Amino acid sequence: MSEPLIRVEELTKHYYLPKTKLLEKRNAVRAVDGISFDIAEGEIFGLVGESGCGKSTTGQMIVQLVKETHGGIYYRDRQINALPANEMKALRRELQIVFQDPSSSLNPKKTIGWLLEEPLVIHGVADRAKRREIVLKTLEQVGLGADYLKRYPHELSGGQKQRVGIAAALVLKPKFIVIDEAVSALDVSVQSQILNLLKELRDKLRLTYLFISHDLNVVQYLSDRVGVMYLGKLVEIFDVSTSAVGPLHPYTKALFSAIPDVKGTRERVLLKGDVPNPIHPPDGCAFHPRCPLAVDRCSQERPGLQKVAPRHEVSCHLFEEGDFPS
Amino acid sequence: MANTLLAIDELDVAFTIGGKQYPALRQLSFEVREKERVGIVGESGCGKSLTSLSVMGLLPESAAITRGQISLAGKTLSAGLREEWHSTRGRQVAMIFQDPMTALNPLMPVGKQIAEMALTHLAVTRKEAKQMALEMMAKVGLSRIEQLYGEYPHRLSGGMMQRMMIAMALICQPKLLIADEPTTALDVTIQAQILALLREMNRSTGTAMLFISHDLGVIREVCERVIVMYAGFIVEDAPVQDILENPKHPYTAALLQALPSVEKRGQALYTIPGRVPPLTERGGGCPFAGRCPRAFGICHTITPELDTGMDGHRVRCHLYVEGRLCG
């Protein structure tokens with residue numbers, strides 16, 4: 001395995017709430033609460049979880065669109081979250097993001113050609129002909145042609161817009177792209193086109209992705225490794241292709257068993273209740289109030305990620321090193 | 001065999017845009033029997049929501065029924081009579097929507113909204129309506145109901161709000177419940193809870209269900225029979241297991257093949273070229289002909305009929321005659 005391209009250490013984001021009383025201790029929403037993982041070069045790392053678990057915040061912190069509260073983000077072993085602004089700007093060429101809703105992330109008043117050229121202008125590609133050439137080449141890479149240059153976003157279908165969104169991330173020839181729910185808003189037949197495109201681009205341009213999605217079928221199809229988040233914490237990281245045992249954490253199991261599939265072979269684990277309030281997460285393991293296997297220790301002591309097998313880490317008291325209770 | 005509850009016969013619905021008519025639903029014919037759970041699946045723009053709005057009498061101003069009829073529990077519903085629709089909605093047929101946040105009134109306590117439904121449609125007093133609402137809230141699996149009754153929608157989670165919507169829809173014991181993408185806005189673990197609740201409600205109250213979704217997996221969880229729609233037409237209609245194991249229409253087959261799953265890792269996904277033709281670009285011939293890998297001569301000129309096979313598996317495709325594959 002190659003060296004990690006992206007490494008995240010104890011990454012934390014707290015959103016502070018306004019005080020309601022003068023001497024009150026300030027409350028915080030712990031959106032992301034001390035997570036660590038790494039992504040190897042050429043890998044697709046999937047990040048899944050329910051809404052509000054912190055997966056998008058994590059992606060936005062890695063490309064520095066959101067400033068972390070504390071923790072470290074390393075790109076090729078260089079810490080990027082403490083860099084001066086001009087160095088960070090240079091680095092942004094290599095770290096890009098694709099958003100969920102292309103209709104709201106593309107400026108409706110600008111042509112596709114302009115939208116794709118702007119990043120090149122910002123990053124100092126001075127020669128106009130050269131810029132045009134790069135834009136055309138990128139459009140071809142995402143399966144669109146020169147006739148799209150003069151069009152506006154509203155003239156395109158959802159799938160075409162998402163291709164433009166991907167092209168906008170690609171024009172600067174990045175090494176790493178955060179893909180945040182990029183296929184969630186698309187219909188099945190269009191979704192499969194975009195998934196194939198993402199896969200093809202990864203192979204051709206040797207890209208690395210952080211693929212964020214709530215759709216577990218999509219994540220399992222595309223990713224090499226999957227990280228599962230719950231209430232701002234990573235509860236499990238496992239390799240989709242080699243893990244013989246599959247997911248182990250009770251939350252991951254429940255989550256994966258809840259995917260409606262067309263074969264109907266899965267055994268259901270129905271969770272009770274909702275995700276707790278992230279302002280006052282439960283003590284101990286954050287999942288214990290909903291966990292069907294919780295024991296006393298779970299409500300007192302917070303578990304950490306433990307390696308239980310090669311390329312498989314679980315954060316649960318039921319799993320000590322190399323031990324698999326059923 | 002149970003009696004027919006909802007019968008839609010050769011229904012055409014068209015939008016009028018700038019003085020021109022654009023057909024959005026074409027030759028729509030299907031039935032829902034009492035207590036049956038029927039799913040409608042298709043991509044955006046195929047007419048599944050328009051179908052449910054037609055049954056509810058809630059078509060937008062610009063759309064109108066141009067042909068055919070809808071009958072519910074033996075009574076034909078005519079488009080013009082507002083009073084008739086008003087008494088039908090709630091009592092006979094109720095609907096739950098995709099996003100409970102926008103379907104609930106944000107300025108009124110949720111419990112009161114549920115009770116209001118009973119007050120409007122049944123001859124009950126305020127006190128009785130409240131009692132009924134509380135009972136219904138308990139039935140849909142909510143706890144602390146006395147306290148929840150007075151809460152406003154923004155204080156509730158998405159799953160709780162959708163439970164409230166279900167309670168509101170079922171309080172008058174309608175014969176038919178239309179659920180339009182009821183779990184699309186919810187997380188998977190909450191989705192699983194709501195689907196289980198809908199199945200349980202169908203079993204305990206005997207309310208038939210017309211369940212609309214873009215997700216075949218969700219349909220499989222809930223329904224017995226599924227109708228596949230494409231560009232305003234029904235292209236296939238069969239028992240769920242049948243359609244998933246043995247899809248006949250090339251569109252249904254393509255939809256199933258295009259689904260990503262862990263088993264398909266490492267392979268490229270099957271894709272359907274192009275997209276669903278928009279309303280303004282629909283011509284004659286089979287609606288799917290332009291994207292169909294098996295289209296031949298007449299597919300582009302003649303619209304196929306919805307062909308009924310021997311096993312109740314209907315398919316609209318020139319490749320089939322009396323449910324059997326030809327050529």
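How far apart do the C-alpha centres of domain 1 of chain B and domain 2 of chain B lie? The tour of this predicted model begins with that distance, which is 26 Å.

**First stop: the two domains of chain B**

Select residues 4-92 together with 174-272 of chain B and colour them as domain 1, then select 104-173 as domain 2. Where the two domains touch, domain 1 of chain B contributes 14 residues and domain 2 of chain B contributes 14 residues. On the domain 1 side, turn next to helix 8 of chain B, residues 188-205, which supplies the largest share, six residues. By class, that side of domain 1 of chain B comprises nine nonpolar residues, four polar residues and one charged residue.

**Second stop: a helix pair in chain B**

Two packed helices are described by the angle between their axes and the distance between the axes. Select helix 4 of chain B (residues 110-121) and helix 5 of chain B (residues 126-139); their axes are 8 Å apart and the packing angle is about 120°. Because of that angle, helix 4 of chain B is oblique to helix 5 of chain B. The crossing of helix 4 of chain B past helix 5 of chain B is right-handed.

Now display the side chains at this contact. From helix 4 of chain B, show B:Gly111, B:Ile114, B:Ala115, B:Ala118 and B:Leu119. Their counterparts on helix 5 of chain B are B:Arg126, B:Ala129, B:Lys130, B:Met132, B:Ala133, B:Met136 and B:Met137. Coloured by class, the contact between helix 4 and helix 5 of chain B shows nine nonpolar residues, one polar residue and two charged residues.

Bring both chains into view. In this interface, 32 residues of chain A are in contact with 35 residues of chain B. On the chain A side, select helix 7 (188-205), helix 8 (216-222) and helix 9 (250-257), the elements of chain A that each give two or more residues. Which of the elements of chain A gives the most to the side that touches chain B? Helix 7 of chain A does, with seven residues. The chain A side divides into 15 nonpolar, twelve polar and five charged residues.

**Last stop: confidence along chain A**

Finally, colour chain A by pLDDT. The average for chain A is 89, and 96% of the residues score at least 70. Where pLDDT is low, the predicted coordinates should not be read in detail.

Conventions
Residues are numbered from 1 along each chain as its sequence is written. Chains are lettered from A and ligands numbered from 1 in the order in which they are written. This is a predicted model: local features need pLDDT of at least 70, side-chain atom pairs count only at pLDDT 80 or more; totals for chains, interfaces and linings use all residues. Axes are lines fitted to C-alpha atoms, for helices over the stretch in contact, and angles run from 0 to 180 degrees between N-to-C directions. Helices (H or I, at least four residues) and strands (E, at least two) are DSSP runs, numbered from the N terminus. Angles under 35 degrees count as roughly parallel, over 145 as roughly antiparallel, 65 to 115 as roughly perpendicular and the rest as oblique. A crossing is left-handed if the near helix is turned anticlockwise from the far one by less than a right angle, and right-handed if clockwise. Two residues are in contact if their C-beta atoms, placed from the backbone, lie within 7 Å. Ala, Val, Leu, Ile, Met, Phe, Trp, Tyr, Cys and Pro count as nonpolar, Asp, Glu, Lys and Arg as charged, and the others, Gly among them, as polar. Domain bounds come from an automatic or database domain assignment. pLDDT is the predictor's confidence in each residue, from 0 to 100.
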